[in-house]
Structure formats: C-alpha cells, structure tokens
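Student: Can we go through this one together? I'd like the ground rules along the way.
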Amino acid sequence: MPNTPSLLRQSAATALLGLSALVGSAAWAAPFTPNGALVTDDATQMSWQRCALGQSWDGATSTCTGTATVYNAWPAALATAADANAAALGGFSDWRVPSFQELLGLVEPGSTPAINAAAFPGAPASTFWTASQPPILIF
C-alpha cells in the first residue's frame with residue numbers, strides 16, 4: 001500500500017511539520033494559525049509542514065503543488081526526518097515523524113482528504129505513516 005510520510009518538528013512548545021512564530025488570521029475557522037509553509041495547531045501548539053514530502057509550498061497561490069512522495073516501507077518513512085534535519089528543511093533541524101495520536105489530531109471526519117483543507121491545501125487523499133509502534137497508517 002503506498003504511503004506518504006508526514007513530518008513533525010518539536011521546538012520548545014511547538015512541533016513539525018513546523019515553527020513557533022505565530023501569525024493571526026481571523027479568516028481561519030479551524031484551530032490553526034498559518035505561517036507560510038507551516039501551520040500551528042492552536043490547541044497543541046504543534047507546528048506542521050503544510051505540504052506532504054515531495055510537494056512544494058507555493059506562497060503566491062497559498063497551496064501545495066507537485067506530487068507527494070510515496071514510501072512503501074516504514075523504515076524509509078522514518079528516515080525522512082533524518083534527511084529533513086540534515087538538509088535543515090525550512091531552516092530547522094529538529095523534524096520528526098509524528099505519533100499516531102499527533103497525526104490523528106489533524107483528522108477531520110467527513111472531509112476528503114480527511115484533513116483541514118485550509119490548513120493543508122493540496123494534501124493528497126492518501127494514507128500517512130506515523131512513528132508509532134507497530135507501524136500505523138492514518139487517513
């Protein structure tokens with residue numbers, strides 16, 4: 001089954017796919033604060049990368065473009081965090097693959113894909129790897 005990794009970073013009170021600096025926006029109905037290619041979950045203060053790995057953030061159109069990379073094995077998905085840290089993705093070097101519970105916190109039942117489209121525009125309708133043991137897929 002093809003799967004896409006999602007990354008999470010932890011920095012002080014925040015986490016990845018993200019950053020701790022917050023930018024307010026009254027237009028957002030969901031509990032997320034956008035910050036360019038990152039978004040912060042206001043309830044958990046975890047910051048997430050808005051695009052799946054393999055996609056790119058297009059600031060001009062405020063969406064993710066391209067095709068998400070598919071990882072067919074859990075170890076390969078886990079290695080994405082080390083790769084992101086080595087490359088200082090987004091200027092950070094503390095990325096990690098989120099736990100099942102962390103990723104489950106982003107699920108919006110009844111949506112396709114099952115994630116907030118305003119916070120994660122262009123998200124693929126795909127399953128995502130988590131760092132939880134045993135390997136768990138979500139979405």
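Student: Where does Ala73 lie?
Tutor: Ala73 is in the loop between β7 (63-65) and α1. Helices (H or I, at least four residues) and strands (E, at least two) are DSSP runs, numbered from the N terminus. The C-alpha atoms of Ala73 and Trp129 are separated by 9.2 Å, though they are 56 residues apart along the chain.
Student: Ground rules, please.
Tutor: This is a predicted model, with residues numbered from 1 along each chain as its sequence is written. Local features need pLDDT of at least 70, side-chain atom pairs count only at pLDDT 80 or more, totals for chains, interfaces and linings use all residues, and side-chain values use heavy atoms, without hydrogens and water.
Student: What does the protein chain average in pLDDT?
Tutor: The average is 75, and 75% of the residues score at least 70. pLDDT is the predictor's confidence in each residue, from 0 to 100. Over residues 8-29 it stays under 50.
Student: On to α1. Which residues are buried there?
Tutor: Trp74, Ala77, Thr80, Ala81 and Ala84 are buried in α1. An α-helix has 3.6 residues a turn, so residues three or four places apart point the same way.
Student: What follows α1?
Tutor: Ala88 follows, with a positive phi near 50°.
Student: New topic. How many aromatic pairs does a search of the whole structure find?
Tutor: One. The rings of Phe32 and Phe120 have centres 5.8 Å apart and planes at 85°, so the pair is edge-to-face. Rings of Phe, Tyr and Trp (its six-membered ring) pair if their centres lie within 6.5 Å; planes under 30 degrees apart are stacked, over 60 edge-to-face, the rest tilted.
Student: Which parts does the pair tie together?
Tutor: Phe32 lies in strand β3 (residues 32-35) and Phe120 in the loop between α2 and β9, so parts 88 residues apart in sequence are tied together. Phe32 is buried at 6%, and Phe120 is buried at 4%.
Student: Last one, Glu102. Which side chain does Glu102 make a polar contact with?
Tutor: Arg96, at 2.8 Å. A polar contact is a pair of N or O atoms within 3.5 Å; within protein, one must be able to donate a hydrogen and the other to accept it, and residues adjacent in sequence count only if both atoms are side-chain atoms. Glu102 sits in helix α2.

Note on methods
Buried < 20%, exposed > 50% of the residue type's maximum accessible area, 1.4 Å probe, protein only. Contact = heavy atoms within 4.5 Å.
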